[in-house]
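Welcome to a short tour! Please open the structure in your viewer and keep the selection tool at hand.

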Amino acid sequence: MSCVNDWTISVQDGKFVVVAYIDFSKAFDSVSHTKLLAKLNAYGIRGNVLSWLEAYFEKRTHRTRVGTCLSPEEILTSGVVQGRGIEPVSFLIYVDDLAKLLECQVLLSNYLLMTSRFT
């Protein structure tokens, strides 16, 4: 509703409105831990909180199970685990400067569609 309101006001003011939807499917997997921590530091997150986040992302591992077979365990250097509270916020911080890359006046709205399955 907020976006529709902004678009309506812009059109009434005689401005052009261009809407771009970006689907960040699998984007959580591409978040560089090093770059995310640098951005957090740039936002003023330092000290114990930054150290805790660094420890949280450091040496995270992943392995895949297919039936009874397990892949070798690998250390992850990118990606944030989905399904916890901090990961969506981490991702939004990671992509926050996306609008700065554009050379025009941009109103950026970030929405994460979070779905849950209850079993």
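**Stop 1: the whole chain.** Keep in mind that this is a predicted model. Follow the chain from the N terminus, and the elements come in the order α-α-α-β-β-β-β-α.

Of the 119 residues in the chain, 19% are buried. As for contacts between residues at least 6 apart in sequence, 56% link residues that are at least 24 apart.

**Stop 2: an aromatic pair.** The structure has one aromatic pair. Select Trp 52 and Tyr 56 to see its two rings, which are stacked with 5.7 Å centre to centre and 20 degrees between the planes. Where do Trp 52 and Tyr 56 sit in helix H3? They are four residues apart in that helix (residues 47-57), so about one helical turn separates them. Is Tyr 56 buried or exposed? Tyr 56 is buried, because its relative accessible area of 18% falls under the 20% cut-off.

**Stop 3: a nonpolar patch.** Next, select Val 4, Trp 7, Val 11, Val 17, Val 19 and Tyr 21. Together they form a nonpolar patch on the surface, with about 560 Å² of accessible area. Zoom in on Val 17, which lies in the loop between helix H1 (2-12) and helix H2 (33-42). Val 17 is partly exposed, with a relative accessible area of 32%.

Key
Residues numbered from 1 in each chain as written. Predicted model: local features only at pLDDT ≥ 70, side-chain atom pairs only at ≥ 80, totals over all residues. Heavy atoms only, no water. Helix = DSSP H or I, 4+ residues; strand = E, 2+ residues; numbered from the N terminus. Buried < 20%, exposed > 50% of the residue type's maximum accessible area, 1.4 Å probe, protein only. Contact = heavy atoms within 4.5 Å. Phe/Tyr/Trp six-rings, centres within 6.5 Å; stacked < 30°, edge-to-face > 60°. Patch = residues over 30% accessible without salt bridge, like charges linked within 9 Å, V, L, I, M, F, W, Y side chains within 5 Å. Areas by Shrake-Rupley, 256 points an atom, 1.4 Å probe, with all protein chains shown as cover. Salt bridge = Lys/Arg side-chain N within 4 Å of Asp/Glu carboxyl O.
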